[in-house]
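User: I'd like to go through the labels on this model and hear what backs each of them up. Can we take them one by one?

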Amino acid sequence: MRKGLFPKLAVQNIVLNRRFYFPYLLTIIGTAAGFYDIAAIAYDEGMGQLRGAEYVAMFASIGVTIVAAFAAIFLFYTNSFLMKRRSKELGLYNILGMGKGHIALILLWESLYTALIGIVGGLSAGVLLYKLVTLSLHRLLRLEVPFGFEISPRAMAATVLLFGGILLLTLLYNLRRITVVNPIALLHGESAGEREPRTRWLLAILGVLTLGGGYGLALVTQTSEEAMLVYFLAVILVIIGTYCLFTSVSIAVLKLLRRNKKFYYQTRHFIGVSGMLYRMKQNAVGLANICILSTMVLVMLSGSLSLYLGMEDVTDRQAPADLILSVSYQPEEQAGPDTEALFRRLQEEVASQGQAVTEMEGNFYFPLTGDGRDGVYSLRSSGSMRYSSLTLFTLLTAQDYAALTGRPVPELGENEALLYGIPDTALTFTDGERPVFSLEVRETLTDFPTISGGGIGRVGRPAMVVVKDYDTLLRLWGEVFSAVGSASLPVYELRADLTGTADEKYDVWTYLSQEADFTGTGSWSSLRVSSHEDIYSDNFGIAGGFLFLGVYLGLLFLMAAVLIIYYKQISEGYEDRQRFQIMEKVGLEQREIRRSINSQVLTVFFLPLIVAAVHVAFDFRLMLQLLQIFSVTDVAPTALCSLGTLLVFAAIYAAVFALTARVYYHIVSR
Amino acid sequence: MTLLEVNNLKKIYTTRFGGQQVQALADVTFSVEEGEFIAIMGESGSGKTTLLNILAALDKPTGGQVRLQGRSLSEIREREMAAFRRDNLGFVFQEFNLLDTFSVQDNILLPLVLSGKTPREMEGRLKPLAARLGLTDLLPKFPYEISGGQKQRTAVARALITNPSILLADEPTGALDSKSSDELLSLFADVNRTGQTILMVTHSVTAASRAGRVLFIKDGQVFHQLYRGEDGDQRFYQRINDTLTLLSAGGERRA
């Protein structure tokens, strides 16, 4: 045959099949760009040196793996769809006298063009988007925005290799398909015998069991550790359950509907139910895919967003001032830290760095970790302590409380206390068996000044306990020490706000924690300086990294879901066209056609969304427990995040549905 | 009583971008009495299908008039058209046009469902009809499970279940083997004996020879017509064949 014919035919095929090819190319471009950008971040060595960006490389390399796996699966999926649609065309070539070798040549050329457009397009889009991606990443991490325009050759090479490899594999798969299948089968490939789906009870039972199991796990977990342990298992169970549900339960339900004659023999239900039943088998997997992708998008976005939004609060709780000096000391030595001298020294040291202290306050406290509920707390730290049953008590004196709040010193007895944070009316601390000491709660406080206490980087419910005086504080410490054999030392905490920018404050902190000299400030055993800036950038390094990954993968999965929806709409359009033409001849009104298409397509398309929302609802408890690990304990903002994400997602879903539905009508009514 | 009147029917197709005009029907006039079984014959491109589409109200004529039971089709508004078609016309197509999403039973019931009949009434109409057409055992099956002849009988049942005033058939034997064709034609003859009016467009002389009257269409006009009279199928077949030979030889109009 004439030279140059095959490349020409290949181009012609791509143009002629643009309805299928165009989204496929977009998929390649989109995933390749996504892969390039995340790889470029993962390979950027400068990133790890930025304060707060230490975790980014880790998050990005997780992202690289996920995006690569996703790209492979997804491109195979879209390719197989494309090939199924085109089997008739290829069968025709064969029948018109082209050998399989010739068809292979055409496919080879098509693949070459596809790869060229997809990879080059993807890389260009990736390079262009990289600036946007890094900008948003820096904003999420609350970092200064960098300047310049970068290209990562390593990420480019990785992209070319990965996508070249995937496309080569799809080509091999396609070639295998045409060599194995005979031309007549290819010719009829599209309308390959449809059989009414059987109700597969075994699968239905398996679906109910796995889904029930997944939901059950989400409902019975009590603690963050359990949540962490079962999360993966629950996800796998729900995924299996979703596939089984869509492939079997849906068919069983539809068959039941069909058996109900009163319901079934009405125009809309009649066409809808039979159509869905007919479509369920071929599309159950597609719908399950959409459902799972949607669930993933929702869970990732709402989870990481909740974490991110909760972080501000967590940071303020952990570091209520620019600088926090925690001076722990041995209570046996009567002297203790000299608070006046500490104040003075801190001011001098800060001044030596060219900044000044604007506000300063301090208090004594004594941290206790209790394991238990409802007024009885064990002080014995066993290895099996569960995060969410832990309460982090901070005991402080009535004088300090009065000084911090500006209120009069509360009158308290030896064994009386004011309590904030938990609703108990009496507190009994035990060594695991016998009580060590008990406190009667005189009053439950509704607000409390923010002090850092012992809570930094620890997980548990915070609770503030105000006791009579300093002697009581030390006495209680002594009782804990003699009963349990160990106890965290009492602490004098000094909080100071500084002048200067965030970076200047950070520099002051670096100086204080590494070089400053605090000798001559009384007797103490250790002095730790924490900085709001440091904790802030650490917290947002993690939360921002999570959010970045969540949004990034969320967008990618969203793109996949949109594409699957699009492909479903057009393939169904071609299938339904003939059906509706026949019905029109038999006397179905145009209006009825539209109405029944609407109700059928609507049900089919919003089913995954509804199931995804149910999944997310069950996931909510698990997510709250996981968030506790990061000290995010507020339920309301997390609930708002989940709801908000769901609403936004539903809006996008509806828009995509409406847009692709137009394509569908166009095909059906032509 | 005259059931269907076709007067001076004209149909001119204009190609998509204007310009070219194709005349499908030039001037067609004929009428159908109640209880008749009429076959319309003609070569490809003679305008048979266009005529049928206009009779079925699927297409609009450029000129002329079609009256069914005295009512002009052009008077029927778009909104009522589907219901009119459903209640008065029954269709049988060459390609059966069964819906593969429905069982045989549901395919037959489709027009009744569309007109909003109750399940009881549907059942009442379906049972005797299915028995008459030998479909009783096939009712729960799906189109892909049955033969071509069975599919066409299903299509006939679907057309008859609304008790239409006229049954329109477009090459009903076109996709059938000869045995199934014979069965279908016998079925048509049976149905016709019970008073059902049938109008069938066909290529096949065998099919036409089972009708009571044959109209020949050529170049968009009714060129000739033959009544069976007292002839048997064999004799009528011969006469139809002779007429066709004459037609293709370019004979003159004798109608």
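User: Which residue stands opposite A:V465 in β8(A), and what makes the two strands a pair?

Analyst: It's A:L419 that stands opposite A:V465. A pair needs at least two bridges found by DSSP between the strands. Strand β5 (residues 416-420) of chain A and β8(A) have three, in the antiparallel sense, so they qualify as a pair. This is a predicted model, where local features need pLDDT of at least 70 and side-chain atom pairs count only at pLDDT 80 or more, while totals for chains, interfaces and linings use all residues. Residues are numbered from 1 along each chain as its sequence is written, with chains lettered from A and ligands numbered from 1 in the order in which they are written.

User: What makes β4(A) a partner of β8(A), and which way do they run?

Analyst: Strand β4 (residues 390-397) of chain A is joined to β8(A) by seven bridges, and they run parallel. Here A:L392 sits opposite A:P462. Strands like these are DSSP runs of E with at least two residues; helices are runs of H or I with at least four, and both are numbered from the N terminus.

User: Why is β8(A) called largely enclosed?

Analyst: Buried means 20 or more other C-beta atoms within 10 Å of a residue's own (exposed is 12 or fewer, partly exposed in between, with C-beta atoms placed from the backbone). Six of the seven residues of strand β8 (residues 461-467) of chain A are buried, so the rest of the structure largely encloses this strand. Over the whole of chain A, 43% of the 670 residues count as buried.

User: What makes the α1(A) and α4(A) crossing left-handed or right-handed?

Analyst: Helix α1 (residues 5-16) and helix α4 (residues 100-140) of chain A cross at roughly 65°, their axes coming within 8 Å, and the crossing is right-handed. Axes are lines fitted to C-alpha atoms, for helices over the stretch in contact, with angles from 0 to 180 degrees between N-to-C directions. Contact means C-beta atoms, placed from the backbone, within 7 Å. Residues making it include A:F6 and A:I14 of α1(A) and A:W109 and A:Y113 of α4(A).

User: And by class, what is that contact made of?

Analyst: Ten nonpolar, one polar and one charged residues. Nonpolar covers Ala, Val, Leu, Ile, Met, Phe, Trp, Tyr, Cys and Pro; charged is Asp, Glu, Lys and Arg; the others, Gly among them, are polar.

User: How many residues meet between chains A and B?

Analyst: 19 residues of chain A are in contact with 21 of chain B. α10(A) gives the most to chain A's side, five residues.

User: Over in chain B, what do β9(B) and β10(B) form?

Analyst: A hairpin, with two residues between the strands; B:D219 in the turn has a positive phi of about 50°. Six bridges join β9(B) to strand β10 (residues 221-227) of chain B, running antiparallel.

Key:
Two residues are in contact if their C-beta atoms, placed from the backbone, lie within 7 Å. A crossing is left-handed if the near helix is turned anticlockwise from the far one by less than a right angle, and right-handed if clockwise.
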